[in-house]
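Open the model in a viewer and keep the selection tool ready.

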Amino acid sequence: MRRRVIILSALLVLAVALVPASAAAAGALNGTVEASGGSLVVGVENGTEPFAGDKEAVNVTVAGTHVETTATEPSEGTYTYEVDADTLAATGSLATGGLSNATVEVRHESGANLTETVDLRYARFGSEPGAFTERGTLRVDFAVAVGLPDGTSVPVSVVAGDVTENATLPVQRDGEANASYLELERATLTALGLFEEPREVTVRARQGATAYVGNSATADVDGLARTAMRAERDVGGIALANPLFVADRTYVVEIRRAGSEERYLASVTANETDGWSELRVESTALLSVDKVDFAVERDGTELVSGTANVASRNETATRRGDGTAVDVGALAGDERSVRAVWVEGDAGVRRYGADLNASSGTLSLAGGQAIPTSATALLVEFENDESVYATFLQTGSEGGSGAAADGTGSGSGLLDALPGGPLLLGGIAAVALLVLVVILVGVRQSRSGPAGGSVGLPFVGGGSRPNTDKKAPPRETLTVTFDVVDEKAGGEYRGADRILARPIEEGPQRSTKGVNTTSDDRERKRIALSGAGEDDAHEFELGAWRFEVIENDQPVGGREYRLNPGADKEHISLSVPPHEMDVLVTGGVGNEPLGGAAVAVRSDVGTRSRQPTDPKGRAKFQIPRSASTVAVTADYEELPEIQTKVPVKQAVHDGVRLEIAPEMGSLEIETKVGARHWPGVDVDVTPISEEAKAYTDAGAVTTDEDGRRRVTDLPAGEYELVAKPRMEDVETTGGVATATVEGDRTTDATLSIEMSFSLSGEQRERIAELRDEIDDLTAASNRDVAVPHYYGTVLESVLGMVEELESNPERAVEDRLRPGRVVDALLRATGEGVDVVEGAMSERRNIKLFRACESMAPVEESWGGDTDLDAFFERVEEGDKNQRRVLRNRLRETDELLDRKWSEVGEIGPARKVHDRVVDQAQRSGNVDDELAVVAQAYVSICLLDAVESLFDHEALRDRLNSGGY
């Protein structure tokens, strides 16, 4: 027992002795934790034990989740542990959890640790992003997404051509595909014009807003739309659905049976359905096709074209021996009523009435009619608008063609039997032509026998020889036809003028008739080409020829070809090579050549090519000779994308130079005097920051009639704005401001203008004289002066309005008038008004009245009207002719009023005489050609007429008119 105690005691002492060593090992690691380009980078200093040299003993966790790291050998005493974005995205929930403030713990197995928080959000688009959704939106997938849960807002710029739209899009998650993506709404696609002209669209991080989006994505909307095309068989014909179609817009649709010349051409309005819009092609003649070639245009521009398989329910049918019924087993159990059956055979497509026995799956034509023995397919049309297309497994020998029960079975096939048939342009002719060709080919093959050769097809740079009749006599000439093909674009080339055929020098040849011939016997030929690039057949001597395509008197393509005996005809395809175009991309602060810029070229015939520029900023492209214009786009690092569209001839001759400018914004300038916007002000715009100076020079703009001016496409940076108003008679102080223009934004800048105006000494003196003259109207001591004083208040009010111009000169300047000239006109009119009142009040009859009223209690009545600058300038804007007319009308109205007042008061002389004097003055001003003077005189005269009419409303003045006694 004692021995056991001793052993336990010894172990306890040993354990206590080891505690300090373990405690010394645990502690803090020295290092750094950073996010770089989507990767997590941890640096740990290689310090003292136990870490030294033990790089495998480190564990890294992100948000509590262990991540696999790649460790490197120490550099300057530091081990580096890196976790790339792909690893983070594939680890646990890091792809969908929020990592804007992620906790990263670095722990050594000894217990020493380092803990930091870091922003680990990162996203990178895939190399081939983009797909249309069923809602018609454009989905752009991330190849990698870390720390971006659903709903995370991502500010991006969306660029198509020279149009840029900013949008803030939520991150969305596709659980089945295990992918995160952004979705461009249709409103954004509309603003970019992609529903008018489908082209490439680029999504990239908005500058300065989304550092965690590591690249840009470019999606070819044109190609995606072609891939997304959907065609479905419908009761009325074919329904084409595509995300580029917009509901209620009208399109021109062309549909052909694949490989056929029969075509349907019509104008169709798109209908909204299931997120996409569809074009319903109403022609039952198209119900039996399985594949169609299509082209859709809007406003003369092709929107989408290609070939589409037609989706529908397809079945097989068996025709019974008597021809009166068809077994379609798949229809058994379908409780549906048949509306009609369309039968396709040698005679075309015809409509019949029919009944369906749902229990047996038997279909019978109405009235016991027989299905034609030539029938190859039928379409069953049900009352619920569904349809089933069936092809025959076998046909019997019995039964006739039958007439339709409803009277529509007769006719000549598609055009007569089907709704919309007349729109199937050229269908019958094409079928007839096809039958004729088949017959001719059959006859030809029967002549050549089983050993006959194959029929070649023309191709670029090749030729074809049809089979020849081996019994025909040998020939010395051949009939040759030509076509010219664009090597780059494919298809026919229509730009050439002619083909020049030159014989090639060679030794004597033995002809088919045993005659020696040389190239001298074969003269050169000039073959004119029509505008369509086609040509009639031409006879050529046998032998070797050089055929050259001539355009603008220059050879642009050609080939050598030997015409040998043994054939009746030859078809020779000639090709023209593409143009070569040089592109130079410059940019940056010094507008230097940009190596590595991404350049894309798209021709108007549909070809596309893309390549980077070399270190000198140059790239070469081949342009189809058929093209007339090319669109060239360049993109470089953080600089905005730039695009230009140029004629091919110019591009080939001069090359294309693209200067990638910096971020561009807009400046909204407004000029104000007080709270009022002021028009017609010159504003100097001068760049003052280095980035702005590098791309633009000082310039001047003028504000419009609303006192505003928007300057667009202004390089980002800081600018000084100086207003320089141009005004006579007015002293101004132009406003000065600075504005910072930011990319893809509009910056507002307000310039306040101070304005002042002072009456001249002569004008002040004239005002004083007029006031003295007004006072003289009431200076008489032997008669009553109430009425003269009353008229004097009218003229005093006009003088007050004149003085108001000193504090409100902008009202005159706004109408492009010098305030001093306005003052002179009003003072002259006021002086004339004084003459009118003074003359009227001095009439003998009025003086007798005023003397009779001298004993009445004195009063000082004032005119109740008011003068107003705005009202006066409104009359100025209406013009002198208008004001002459207004004055004439007012004189007539006042005259009629005075005639009525004769019976109401004892005396109207103080009113009638002022009216008559105004009439005289108006007549004298008839020859005045100073528009402003005429308006001012009319204004003062109308104020006096207003005083004449309101004279009778003042009781004290009315008493004087009724006093009599003279």
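The second largest cavity holds about 30 Å³ of space. This is a predicted model, and the count comes to two cavities of 30 Å³ or more.

To display the second largest cavity, select its lining: K488, V601, R602, S603, T607, R608, S609, Q622, I623 and P624. Colour by strand next: β47 (598-603), β48 (608-612) and β49 (618-623) each give two or more residues to this lining. The largest share, three residues, comes from β47. Now colour the lining by residue class; three of its residues are nonpolar, four are polar and three are charged.

Next, select residues 819-841, which form helix α12.

For the last stop, select residues 955-961, helix α18, and pick out R960 within it. Is R960 buried or exposed? Its relative accessible area is 4%, under the 20% cut-off, so R960 is buried.

Show the surroundings of R960. Leaving aside neighbours within four places in sequence, R960 is in contact with D784, A786, L849, C853, M856, A857, P858 and V859. Of these, pick D784: its side chain makes a polar contact with the side chain of R960, at 2.7 Å.

How values were computed
Residues are numbered from 1 along each chain as its sequence is written. This is a predicted model: local features need pLDDT of at least 70, side-chain atom pairs count only at pLDDT 80 or more; totals for chains, interfaces and linings use all residues. Side-chain values use heavy atoms; hydrogens and water are left out. Helices (H or I, at least four residues) and strands (E, at least two) are DSSP runs, numbered from the N terminus. The expected span of a helix is 1.5 Å times one less than its number of residues. On a 1 Å grid over the protein atoms alone, a cavity is a set of points where a 1.4 Å probe fits but cannot get out, and a pocket is an open set with protein on both sides within 12 Å along at least five of seven lines; lining residues have an atom within 4 Å of a point. Grid points are joined across faces, edges and corners, and a volume is the space filled by probe spheres set on the points. Ala, Val, Leu, Ile, Met, Phe, Trp, Tyr, Cys and Pro count as nonpolar, Asp, Glu, Lys and Arg as charged, and the others, Gly among them, as polar. Buried means under 20% relative accessible area, exposed over 50%, partly exposed in between (1.4 Å probe, protein chains only). A polar contact is a pair of N or O atoms within 3.5 Å; within protein, one must be able to donate a hydrogen and the other to accept it, and residues adjacent in sequence count only if both atoms are side-chain atoms. Contact means heavy atoms within 4.5 Å.
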